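Hi there,

Here is the structure I promised to pass along. Have a look at it first, and then read on for what turned up in it.

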Amino acid sequence: MFKSHLLTAILTSIITCFTVYSLADPVKRLSRNYTQAIVDAHIRLLYRLGHSEAVITALNDRFYNPFTLDEILAKDKQWHNSVELQTQITQNPIAQEMAQLVASTQYSIAEIMLVDLNGALVAAYPTTTDFWQGDEDKFQRAITNSKFYISPAKWDESTQDYSFFVAMAIYRGAEKLGALIAGLNVTEEYMLSMGLERLLELRQQESSTPKETDAIEEKP
């Protein structure tokens, strides 16, 4: 009961302090500033992962040895029935690091994907719906724009949670190699454990974050 009242108070404060886009649409109750605060709680972690030596090496290898479109579509078709292919993607060293982040109670990460320049998976955790992410809006925005992209928040009626994606293009120097995509699941437990004031403080604390984080955009 206490947690329920506290969550209500947090959400009321958000609605009172920030612009509420539309009370009729639960998706838009999560204000842009609050979304930014949630992203700030994760962005340095995701930036470090996306620019780690292991990730750059894996993307670089795929850059010089890319799958053809026919190969990508064939793998996408096999994805659900191929344990071997799923194992290659979800149990490689990068995916194992992703699994630790997803399992951590310190963060609110539901899934992470590393994709090459053509949208084919390089690593992911947990198992994704598709092998090919090239037709996904979040991938296309990360690749075509030089900025971070935040997808609109969606309300999941079954879990009663807000969730959205953060996507960033990964570079080697000036050469674009692929993208890192993370799904952030804003659960009741996470909001209660972090607290609104703590989330809003993160923007000041993250002032040393690389400049790319200032280019985050959210589309309605």
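**Around Leu 180**

Not counting residues up to four places away in sequence, Leu 180 touches Leu 46, Leu 49, Gly 50, Met 98, Ile 112, Met 113, Leu 114, Val 166, Ala 167, Met 168 and Ile 170. Please keep in mind that this is a predicted model. Leu 180 sits in strand S6, and it counts as buried because its relative accessibility is 2%, under the 20% cut-off.

**The protein as a whole**

Stepping back, the protein has ten helices and seven strands. Of its 220 residues, 45% count as buried. The accessible surface comes to about 11,600 Å², and carbon and sulfur atoms hold 51% of that. Among contacts with a separation of 6 or more, 65% are between residues 24 or more positions apart.

In soluble globular proteins, nonpolar side chains tend to be buried together. Here the largest nonpolar core has 31 residues, and the members that touch the most others are Met 98, Ile 109, Ile 112, Leu 114 and Leu 180. Helices H3 (43-50), H4 and H7 (93-103) each give two or more residues to this core, as do strands S1 (109-116), S2 (121-125), S5 (161-172) and S6 (175-186). The most comes from H3, which supplies five residues.

Which residues does Met 98 contact, leaving aside its neighbours within four places in sequence? They are Leu 49, Ile 112, Met 113, Leu 114, Ala 123, Ala 124, Tyr 125 and Leu 180. Apart from this core lies another, of 16 residues, including Leu 85, Ile 89, Val 115 and Ala 167.

**Helix H4**

H4 covers residues 53-64, and its length checks out: twelve residues at 1.5 Å each should span 16 Å, and the end C-alpha atoms are 17 Å apart, which agrees.

S1 and S2 run antiparallel and are joined by four bridges. Within this pairing, Val 115 stands opposite Leu 121 of S2. S2 is largely enclosed by the rest of the structure, because four of its five residues are buried.

Two backbone details are worth a look here. Most residues other than glycine have a negative phi, and most peptide bonds are trans. Four residues lie between the strands of the hairpin, where Gly 119 takes a positive phi near 90°. The peptide bond from Tyr 125 to Pro 126 is cis, with omega near -10°. Pro 126 belongs to the loop between S2 and helix H8 (137-144).

**A histidine in a loop**

Is His 42 buried or exposed? His 42 is buried, since its relative accessible area is 1%, and it is placed in the loop between helix H2 (32-40) and H3. A polar atom of the His 42 side chain lies 3.0 Å from the backbone nitrogen of Ser 108.

Happy browsing, and do write back with any questions.

Best wishes

Terms used
Residues numbered from 1 in each chain as written. Predicted model: local features only at pLDDT ≥ 70, side-chain atom pairs only at ≥ 80, totals over all residues. Heavy atoms only, no water. Buried < 20%, exposed > 50% of the residue type's maximum accessible area, 1.4 Å probe, protein only. Contact = heavy atoms within 4.5 Å. Areas by Shrake-Rupley, 256 points an atom, 1.4 Å probe, with all protein chains shown as cover. Expected span 1.5 Å × (residues − 1). Core = buried A, V, L, I, M, F, W, Y, C linked by side-chain atoms within 4.5 Å. Polar contact = N/O pair within 3.5 Å; in protein donor to acceptor, adjacent residues only side chain to side chain. Pairing = 2+ DSSP bridges.
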